[in-house]
There are 2 protein chains.
Amino acid sequence: MSIVEQLAIKNEKKIVLLVMDGLGGLPMTKGGKTELETAKTPVMDALAVESECGLQTPLGIGVTPGSAPGHFALFGYNPFDYPIGRGVVAAMGINFPMKAGDVAARINFASRDENGNITDRRAGRIPTEKCAELCDMLKSVHIEGVTVSVKPVKDYRAVAVFKGEGLSDKVADTDPQATGVKALDPKATAEEGNRMAKVAREFVSQVNGILKNSKPANTVLMRGFAELPHIPSMAKRYKLTPVALAVYPDYKGVSRLVGMDVIDGLSTLEDQAKALKENWDKYDFFFVHHKYTDSKGEDGNFNAKVSEIEKVDAFLPSLLNLNPDVLIITGDHSTPAFLKSHSGHPVPFLIHADDIRPDDVTHFGERPCAKGLWGNIPGEMLIRLALSYSGKLKKYGA
Amino acid sequence: MSIVEQLAIKNEKKIVLLVMDGLGGLPMTKGGKTELETAKTPVMDALAVESECGLQTPLGIGVTPGSAPGHFALFGYNPFDYPIGRGVVAAMGINFPMKAGDVAARINFASRDENGNITDRRAGRIPTEKCAELCDMLKSVHIEGVTVSVKPVKDYRAVAVFKGEGLSDKVADTDPQATGVKALDPKATAEEGNRMAKVAREFVSQVNGILKNSKPANTVLMRGFAELPHIPSMAKRYKLTPVALAVYPDYKGVSRLVGMDVIDGLSTLEDQAKALKENWDKYDFFFVHHKYTDSKGEDGNFNAKVSEIEKVDAFLPSLLNLNPDVLIITGDHSTPAFLKSHSGHPVPFLIHADDIRPDDVTHFGERPCAKGLWGNIPGEMLIRLALSYSGKLKKYGA
């Protein structure tokens, strides 16, 4: 049992963890500012003045986090102790009831030509409604000894869950990551994956038959085969009653993996503000997730990322009105527009509570936070600070 | 397998690690500056402006590194996982072909009087040529079941390698670290060292016979008995193609231990600059080592150490002309002239690359770097930063 699990106690104090996905950034030009340093964030800046600030690395110095491990670190779970496959995140994201031994895989509906070569890995980015229709058509897939469920996620993305004896996630992706070539044959990456590879091969073959005359989506690509790992809940580890307010399915997925309740049906920051208020009395840990800082970073759109940060700043007063006892603002990793991808650069954070020692950071940004009270710390430590500053960790030893 | 080993990928980006041995220093008087703070370093200062700066401790806070572990940390190998005996470093430094099970020991040629008491632990610092002659004389040593090779290193220093069954490095030094007393008897520090202790005793006895009439060197002191450990190469761990440009044998030795190519025949910074340029297309990791900052520190010569730092500053433009993608400048430990020895004080570093967040450090020095972006980090982390900032680490997790 971890030391935090040994010491955690329940009380009435409320913690909010606000995550701007891919928050950390870089200057676009020498001598320039990062996205967060550029953004006009009067609310965050005022908070920073009354907060302890620092930088955190979710997976340690220099390592670039995927979305799931970045969030696991923020939830206080060592990401290397809990490797999470993409298929499981997708299945949990749509609240599909997986059990131990089930295998989930992400599905992209895709287009292929008469020779079987992939012409579009996303089938022209079909809308979610079309994706749902296709998933319905795949109900006729029948594989001996295996139950297959294919469910829509978003746009061209779906998830397939396979239930049956002797399945394993030791199967490589079939997505060739390129067009003009055939999808890869599902291959076992270890002996125990042999049966699942065979099942996946049969699945793809039947899908190709069923979707033969469908346009533009007439095939599927499979990625991130994954089994459900055993993960102790935040309730068990921290004695928290946690809830997630996220728009995107994957972040609902990682939240469900650690046992959070998830408020469904949220599309905007306004929805999230409203849901926060409505659920304020029911929970003591609120995970609020904003996706678009990451999306704009991935697009390489510096100004749009700045603008997303400013939107979150404008949303903050509705959160502050609820008077959380502890508020953490940070990101799950960096997604600098300069790189158009996730990166390993440290992520700024602030933590606001009553019993803290505010530093002299007056603007919430990467370099100001580097001079904050905490310097550089592992991302995993934030939950310990939150529990500590809300009196939820009792003393260790006599 | 370490996380970095799992994530490392090959690309064309070039990394330079410039090590000024024993770089870190101390003020000689209250209120004074360190050697590096005193040195006029216009090139390093200009670099610092465009870099991320910090302090690093190779072996953790407060621990004084020897040369080998200090470098191992910089190469990203936890020095406590890979304890390297001095004998092995010496043997690798002269490129002596050691194999698993062989035992190497450093040899000092020394002087002793008719009572057997040591009168000079360095035999008047005989030149390398004399040392080579003496080593030649020791070819007549014959020990049953053991092959002994004694090779010159530099000045009064040589290395002995013992090959045979049942040898072990569990033998204590014979150097008494004082004059006017006898050399110590080779003692096993554990049961498996018994045979090697006996072999070493026989070796010293035969050497004393052979050198009976030699002056001033008429005996040997043995230090750092060591077996060749198994060390994964930098090529395996990081997918790098590394090369070392070092003048001193020991630093070639530590480089060979991690599988670096070594450019031989370099004597000056000018040689190193020329070799860098000539080999620029062949490698993607360049370890450039400057010894004399450490030597001057050991001598207690503050001004001479300052001057060595300034020489390296003057050398830097030839390196910068090559446009390395990532440049790290640091030391393997501190050797303050004030202490005339290695010390555990943190070592300043700067890291220069395109995708960084330059801090406001404008002079490369201990206390300016303490206010840099990174604060205090383990020395082992530098290689992760270098790999990360050159795009050589892929993302972890979905």
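Arg256(B) counts as buried, at 14% relative accessibility. Buried means under 20% relative accessible area, exposed means over 50%, and partly exposed lies in between (1.4 Å probe, protein chains only). Arg256(B) sits in helix α9 of chain B, residues 249-257. Helices (H or I, at least four residues) and strands (E, at least two) are DSSP runs, numbered from the N terminus. The side chain of Arg256(B) has a polar atom 2.7 Å from the backbone oxygen of Met92(B). Leaving aside neighbours within four places in sequence, Arg256(B) is in contact with Met92(B), Gly93(B), Ile94(B), Asn95(B), Val262(B) and Asp264(B). Contact means heavy atoms within 4.5 Å.

A word on the source. This is a predicted model, in which local features need pLDDT of at least 70 and side-chain atom pairs count only at pLDDT 80 or more, while totals for chains, interfaces and linings use all residues. Residues are numbered from 1 along each chain as its sequence is written, chains are lettered from A and ligands numbered from 1 in the order in which they are written, and side-chain values use heavy atoms, with hydrogens and water left out.

Now turn to helix α9 of chain A, residues 249-257. It is mostly covered: 9 of its 9 residues are buried. Among them are Asp250(A), Tyr251(A), Lys252(A) and Arg256(A). Just after α9(A), Gly259(A) takes a positive phi of about 80°. Asp250(A) also belongs to a network of salt bridges that links it with Arg86(A) and Arg106(A). A salt bridge is a side-chain nitrogen of Lys or Arg within 4 Å of a carboxyl oxygen of Asp or Glu.

In chain B, Lys10(B) pairs with Asp284(B), and here the closest N and O atoms are 2.7 Å apart. This pair too links distant parts of its chain, 274 residues apart. Lys10(B) is in the loop between α1 (3-7) and β1 (15-20) of chain B, and Asp284(B) is in the loop between α10 (269-279) and β10 (285-290) of chain B. Lys10(B) is partly exposed, with a relative accessible area of 44%. Asp284(B) is buried, at 5%.

Asp136(A) and Lys139(A) meet in a salt bridge as well, 3.2 Å from N to O. Asp136(A) is partly exposed, at 47% relative accessible area. Lys139(A) is exposed, at 63%.

Next comes Leu138(A). Is Leu138(A) buried or exposed? Leu138(A) is buried, with a relative accessible area of 3%. The residue lies in the loop between α6 (128-137) and β5 (146-154) of chain A. Beyond its neighbours within four places in sequence, Leu138(A) is in contact with Phe109(A), Val150(A), Val207(A), Ile210(A) and Leu211(A). Leu138(A) and Val207(A) are 69 residues apart in sequence, but 6.7 Å apart in space, C-alpha to C-alpha.

Finally, the two chains together. Chain A and chain B bury about 2300 Å² between them, 61% of it on carbon and sulfur atoms. Buried area is the accessible area (1.4 Å probe) that two parts lose on being put together, summed over both. Ile61(A), His345(A) and Arg367(A) supply 25% of the area that chain A buries against chain B, more than any other three residues. The contact takes 33 residues from chain A and 23 residues from chain B. Across the interface the rule finds 2 salt bridges. Glu50(B) forms a salt bridge with Lys30(A), the closest N and O atoms being 3.3 Å apart.

A rotation of 123° with 0.8 Å of shift along its axis superposes chain A on chain B, with an RMSD of 0.4 Å. Copies are superposed by least squares on the C-alpha atoms of residues with pLDDT of at least 70 in both. The two copies are thus related as by a three-fold rotation axis. In chain A, the C-alpha nearest the axis is that of Gly375(A), 3.6 Å from it. The copies use different surfaces: 3% of the contact residues of chain A recur in chain B.

Note on methods
Polar contact = N/O pair within 3.5 Å; in protein donor to acceptor, adjacent residues only side chain to side chain.
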